[in-house]
Amino acid sequence: MKKTVLCCLSLLTVSILSATPILDLNRASGGKAVEENGKRAYVLSAEQTPKDAAAIPLSEPLTPGVWIGDFELFGPQPRFSPNTEFIFDTPGSLKMDGYFMPNRTGFFKMKAGFVLDAPATKLTMKMTWSRKLDCLGVGSAAFTPGKIADMDKLPIFLDLKVENGDIKLPANLPYGIYQLNFPRELSVRWHDASGNSVVTPPLKSVTVTIRNLTGGKVVNGDFTGHITAGRYLERGSLAPYTGKPLPKTRDAAKLENNTLVLKGSSAAPAFAAYPDGKKIALVTSWDDGKNQDFQLTEILAKYGVKGTLAMNRGSDVLPRLKELEARGFEIGSHSVTHPFLYLSTPERCLAEGLILRADLEERLGHPVISFVYP
């Protein structure tokens, strides 16, 4: 009898260790199943709202540890909304934001790394806002144990346990820009292996560049709980600017020096912030340089409103910038490729700004001083 029991226990152990957690679409609820070329996916439909959610259970729990996820995502034809949040039911509600992930129509594959300090049993899909389109969905996902060393070229998502305000980051976490999300506003003193530190202000979400960071300490009260983090990959690449030195945008000959004397009994005397005693200023900027800018500038000029027209490499109106400028509108830079700058390296940000500025100055024949954040 003992031999039989031992045999059963041995078979059970092998079964658990060999199990690969997968998304079980057969038990999904709350969304819409779609088929294309004999393959099935689950999406949030155009009729649903941000109040709705779709839940997909995992066949086995994702236990605490390091995992590699193999996803097959699905972008409904012919157009879809990328505004899907894929949320695991960890204590910190670990989230992958579809807006920052690869986006293609049809089925396409994506790998991602996960570091979990707590288990997950299901994936929930929610839309951040409705575009009245079917949303980015998922066809399958399988998870296998992995190593942090295998994640260098992958998006990475973490659910980390924090005790008594001490945030311990996994060793050898790949370099990148990470979005950290907290359940309440936390101010954190981050530190690296060399003893350098920086304090981020009280926020529920903060973006930090992790290069040899080892962790942090909450400095605005005690905190014990879970936080999450995500590193998304930059889309495409951009070589550094190698052109001629750009002209200075400040003309020393036009600088004026004046003295402002504040008078009054209060700690901060009031004074006019705008010319002629005006208390309100209206500034307009218009992104991406579309052909509609010609109609736009006519309408604005009719009502005495001016603005900045912000260009990128794909702008329709690049050959006709001088026409728009002649109407009294400023031409500004909006980066080369319109990336997510706060998820881009400092080197990428510098190239995005300098390359397009040089292009615009070549077209216009004078310095371009305005940059509109993409």
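Between which strands is the loop where Lys132 is found? Lys132 sits in the loop between β8 (120-127) and β9 (137-145). Point 5 returns to this residue.

1. Basis. This is a predicted model, in which local features need pLDDT of at least 70, side-chain atom pairs count only at pLDDT 80 or more, and totals for chains, interfaces and linings use all residues. Residues are numbered from 1 along each chain as its sequence is written, and side-chain values use heavy atoms, with hydrogens and water left out.

2. Overall form. The protein chain has 4 helices and 18 strands. These are DSSP runs numbered from the N terminus: helices are H or I with at least four residues, strands are E with at least two. The radius of gyration is 26 Å, well over the 21 Å that the globule rule gives for 374 residues, so the protein chain is more spread out than a compact globule. That radius is taken over C-alpha atoms, and the rule is 2.2 Å times the number of residues to the power 0.38. Along the principal axes, the C-alpha atoms fill a box of roughly 100 × 55 × 45 Å.

3. Of the 374 residues, 41% count as buried. Buried means under 20% relative accessible area, exposed over 50%, and partly exposed in between (1.4 Å probe, protein chains only). Among contacts with a separation of 6 or more, 75% join residues 24 or more positions apart. A contact means heavy atoms within 4.5 Å.

4. Strand β7. This strand covers residues 106-116; 9 of its 11 residues are buried, so it is largely enclosed by the rest of the structure. β7 pairs with β4 (residues 65-75) in the antiparallel sense over 11 bridges. Pairing requires at least two DSSP bridges between two strands. Gly69 stands opposite Ala112 in β7. β7 also pairs with β10 (residues 156-162), in the parallel sense over 4 bridges. There, Phe114 has Phe157 of β10 as its bridge partner.

5. Backbone points to check. Most residues other than glycine have a negative phi, and most peptide bonds are trans. Lys132 has a positive phi, near 60°. Lys132 is exposed, at 62% relative accessibility. Ser335 also has a positive phi, near 85°. Ser335 lies in the loop between β18 (330-333) and α4 (346-364). Is Ser335 buried or exposed? Ser335 counts as buried, at 0% relative accessibility.

6. A cis bond. Gln77 and Pro78 are joined by a cis peptide bond, with omega about -10°. Pro78 is placed in the loop between β4 and β5 (84-88).
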